[in-house]
Amino acid sequence: MTKLVDNTLCKACEPGSYCATAGLAAPTGQCDAGYYCAEGSTSAQAAQCVAQNYCPQGSPNMERCPIGFYNALAAQGKCLECEAGYNCFDGLKADCPKGYYCP
């Protein structure tokens, strides 16, 4: 077995994946849903997604919930669809204002 003398020959674990131990030939796996992993992460739960965002499995970063969806909780892998009577924008859910309706 050859010992690596220069660590610059090693590759950082790719964004969205993690490398949990030394001596790996490939990443350990993808980040868990609800979490994201930047380059060089060592845990499947490296960084938790915050409310208003979502992180599917293997996410390299958080994504804001799209218009029509919301997320009030942290560590979620998907956003929830907005219900009738509510307005969902920027990951938040709010009542439709007086004088308006939201189908």
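User: How far apart are the mean positions of the positive and negative charges of the protein chain?

Analyst: They are 3 Å apart, taking the 6 positive and 9 negative charges of the protein chain. Keep in mind that this is a predicted model.

User: Good to know. What about secondary structure, how many helices and strands does the protein chain have?

Analyst: The protein chain has zero helices and ten strands. From the N terminus on, the elements run β-β-β-β-β-β-β-β-β-β.

User: And why is the protein chain described as more spread out than a compact globule?

Analyst: The radius of gyration is 19 Å, well over the 13 Å that the globule rule gives for 103 residues, so the protein chain is more spread out than a compact globule. Along its principal axes, the C-alpha trace spans about 75 × 15 × 15 Å.

User: What share of the residues is buried?

Analyst: Buried residues make up 23% of the 103 residues in the protein chain. The protein chain exposes about 7200 Å², with carbon and sulfur atoms supplying 54% of that area.

User: Of the contacts between residues at least 6 apart in sequence, what fraction joins residues at least 24 apart?

Analyst: That fraction is 25% in the protein chain.

User: Switching to cysteines: how many disulfides are there?

Analyst: The count comes to six disulfides. Counting bonded cysteines along the chain, the pattern is 1-2, 3-4, 5-6, 7-8, 9-10, 11-12.

User: Let's look at cysteine 13 and cysteine 19. Is their link right-handed or left-handed?

Analyst: The link of cysteine 13 and cysteine 19 is right-handed, with 85° about the S-S bond. Their sulfur atoms are 2.2 Å apart, and both cysteine 13 and cysteine 19 are buried.

User: And what about cysteine 96 and cysteine 102, which hand does that disulfide have?

Analyst: The torsion about the S-S bond of cysteine 96 and cysteine 102 is about -135°, so that disulfide is left-handed. The sulfur atoms of this pair are 1.3 Å apart. Cysteine 96 is buried at a relative accessible area of 16%, and cysteine 102 counts as buried at 19%.

User: What is the S to S distance for cysteine 49 and cysteine 55?

Analyst: The disulfide that joins cysteine 49 to cysteine 55 has an S to S distance of 1.5 Å. Cysteine 49 and cysteine 55 are both buried.

Technical notes
Residues are numbered from 1 along each chain as its sequence is written. This is a predicted model: local features need pLDDT of at least 70, side-chain atom pairs count only at pLDDT 80 or more; totals for chains, interfaces and linings use all residues. Side-chain values use heavy atoms; hydrogens and water are left out. Helices (H or I, at least four residues) and strands (E, at least two) are DSSP runs, numbered from the N terminus. The radius of gyration is taken over C-alpha atoms; the globule rule is 2.2 Å times the number of residues to the power 0.38. Buried means under 20% relative accessible area, exposed over 50%, partly exposed in between (1.4 Å probe, protein chains only). Contact means heavy atoms within 4.5 Å. Accessible areas come from the Shrake-Rupley method with a 1.4 Å probe; for residues, only the protein chains shown count as cover. Lys and Arg count as positive and Asp and Glu as negative; His and the chain ends are not counted. The place of a charge is taken as NZ of Lys, CZ of Arg, CG of Asp or CD of Glu. A disulfide is a pair of cysteine sulfur atoms within 2.5 Å.
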